Amino acid sequence: MEFAKKLEKISPYPLTEINRKKNELIDRGVDIINFGAGDPDQPTPNHIVQAMHEAIKDSTNHHYPPIKGLKEYRQAAADWMKRRFGIEDLNSETEVISSIGSKESIHNLFLAFVNPGDYAIIPDPGYPVYRTSTIFTLGQPYSMQLRAENGFLPILSNIPQEVAEKAKLLWINYPNNPTGATASLEFFEELVGFCKHYDILLCHDNAYSEIAYDNYKPPSILQVPNAKDIAIEFHSLSKTYNMSGWRIGFVAGNSLGIKGLSQVKSNIDSGVFQAIQKAATEAFVSTTEKHLQSLVAVYQKRRDILIKGLQSLGYPIKANLASLYAWVPVPKNYTSQEFATLLLEKCGIIVVPGNAYGTSGEGFIRIALTVEDKRISQALQRIKDSGLNYI
């Protein structure tokens, strides 16, 4: 018995190996500070939990849900897009679909559109699922390099014409995982024009749209005029409402993209448990801006502690405007993997080496802001005591 050949091209998911090492060290009695996973450590807001309690007691929610999602959930998502981004014309019937978080719908979109040999244009560094899903569908990943000198934005003119002409999907993700970079609406306009020219479905993974600091408000790709002709956007409640374990999100935009997702989903999964959709609807309807800002303020404080502490140790890093991550250059003479291993072995600190997100991530580590203030300060002290300053 053998695995499919495609699995030979896919490395283990980065956090799987990190969790294995973490558990080994914990078994040895090491006090681990885990900056690896972008999993909110705060509880889901109580009004959402209470809505779930009520919904789960209703036996009508115990059956198979509609594949596209409850009508009220899809409408709540469309209304949220209108309030948040000013997008007036989303049709909740044909331009919105529920998803099991974002990971499921991202993968399913590849199944809907990528044929063997087709290109998928993906960011490097980037969320690993973009590359693995390309491989699973026997497509060809083409990497757009994200470099610090260009604000971690891709240079579209660097994409070869022959790649663009054979590409089915182009993926972006701003606020960005892992770099924490942001993109302007003007850049989104450039992307929309590029994808229209080559007839490529433009896919914006906007999971971190609400995790932003210093009064910054990240835009939606759908704010670009006529973007729905070519673009689709992925949203998740995981980070915004501390609901990562609930597995609920939605996709909005181009109707053909939504139709493709719906067709794949109808053959692969049975949708999101209705009680969760009811609770998510409550999240969209009842969570106030003040409440959201109080959630984000937790991360902003952590960002400030971390960035200030790293700067005091010589690390050339600035505070990013959004996302749950700090993208930190490693000291000279170390690779990303070597430095991540050193932090683990000498300091009991888990970070993700940048090359886990692609070859262009070499020279960086990703630190997630999902650790409480006290533990961030402890980690900084451990780094200082170990002499791992930036040199």
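**Salt bridges, strands and surface**

Modeller: A search of the whole structure finds 20 salt bridges, a salt bridge being a side-chain nitrogen of Lys or Arg within 4 Å of a carboxyl oxygen of Asp or Glu. This is a predicted model, in which local features need pLDDT of at least 70 and side-chain atom pairs count only at pLDDT 80 or more, while totals for chains, interfaces and linings use all residues. Residues are numbered from 1 along each chain as its sequence is written, and side-chain values rest on heavy atoms, with hydrogens and water left out.

Side chains of opposite charge can pair when their charged atoms come close. Helices (H or I, at least four residues) and strands (E, at least two) are DSSP runs numbered from the N terminus. Arg-302 counts as buried at 2% relative accessibility, while Asp-41 is partly exposed at 35%; buried means under 20% relative accessible area, exposed over 50%, and partly exposed in between (1.4 Å probe, protein chains only).

A second salt bridge brings together the side chains of Lys-82 and Glu-88, at 3.5 Å from N to O. Here Lys-82 is partly exposed, with a relative accessible area of 41%, and Glu-88 counts as exposed at 58%. The side chains of Asp-269 and Lys-265 also meet in a salt bridge, at 3.2 Å from N to O, and in this pair both Asp-269 and Lys-265 are buried. Salt bridges with shared partners, moreover, join Asp-41, Lys-301, Arg-302 and Asp-373 into one network.

Turning to the strands, an open sheet of 7 strands runs in the order β2-β8-β7-β6-β5-β3-β4, with mixed pairing; two strands pair if DSSP finds at least two bridges between them. β2 and β4 (140-145) stand at its edges with a single partner strand each, so one side of each is left without a neighbour in the sheet. On average, neighbouring strands of this sheet are turned by 25° against each other, direction ignored, where axes are lines fitted to C-alpha atoms (for helices, over the stretch in contact) and angles run from 0 to 180 degrees between N-to-C directions.

In a regular strand the side chains alternate between the two faces of the sheet. In strand β2 (residues 96-99), Val-96 and Ser-98 point one way and Ile-97 and Ser-99 the other, and all are buried. β2 pairs with β8 in the antiparallel sense over 4 bridges, and the bridge partner of Ser-98 in β8 is Phe-250.

Strand β7 (residues 231-236) is largely enclosed by the rest of the structure, because 6 of its 6 residues are buried. Ala-231, Glu-233 and His-235 point one way from β7, and Ile-232, Phe-234 and Ser-236 the other way. Strand β6 (residues 201-205) runs parallel to β7 and is joined to it by 4 bridges, with Cys-203 opposite Ile-232. With strand β8 (residues 249-253), by contrast, β7 pairs in the antiparallel sense over 5 bridges, and here His-235 has Phe-250 as its bridge partner.

Another open sheet consists of 3 strands in the order β9-β12-β11, with antiparallel pairing. Its edge strands are β9 (325-329) and β11 (352-353), each of which pairs on one side only. β9 and strand β12 (residues 364-368) run antiparallel and are joined by 5 bridges, Tyr-325 standing opposite Ala-368 in β12. Helix α12 (residues 336-347) lies across β11 and β12, at about 45° to β12.

On the surface, finally, Phe-3, Leu-7 and Phe-136 form a nonpolar patch with about 320 Å² of accessible area together. Patches are made of residues with over 30% relative accessible area and no salt bridge, like charges being joined within 9 Å and nonpolar side chains (Val, Leu, Ile, Met, Phe, Trp, Tyr) within 5 Å; accessible areas come from the Shrake-Rupley method with a 1.4 Å probe, and for residues only the protein chains shown count as cover. Of these residues, Phe-136 is found in helix α5 (residues 128-136) and is partly exposed, with a relative accessible area of 34%.

Methods. Contact = heavy atoms within 4.5 Å.
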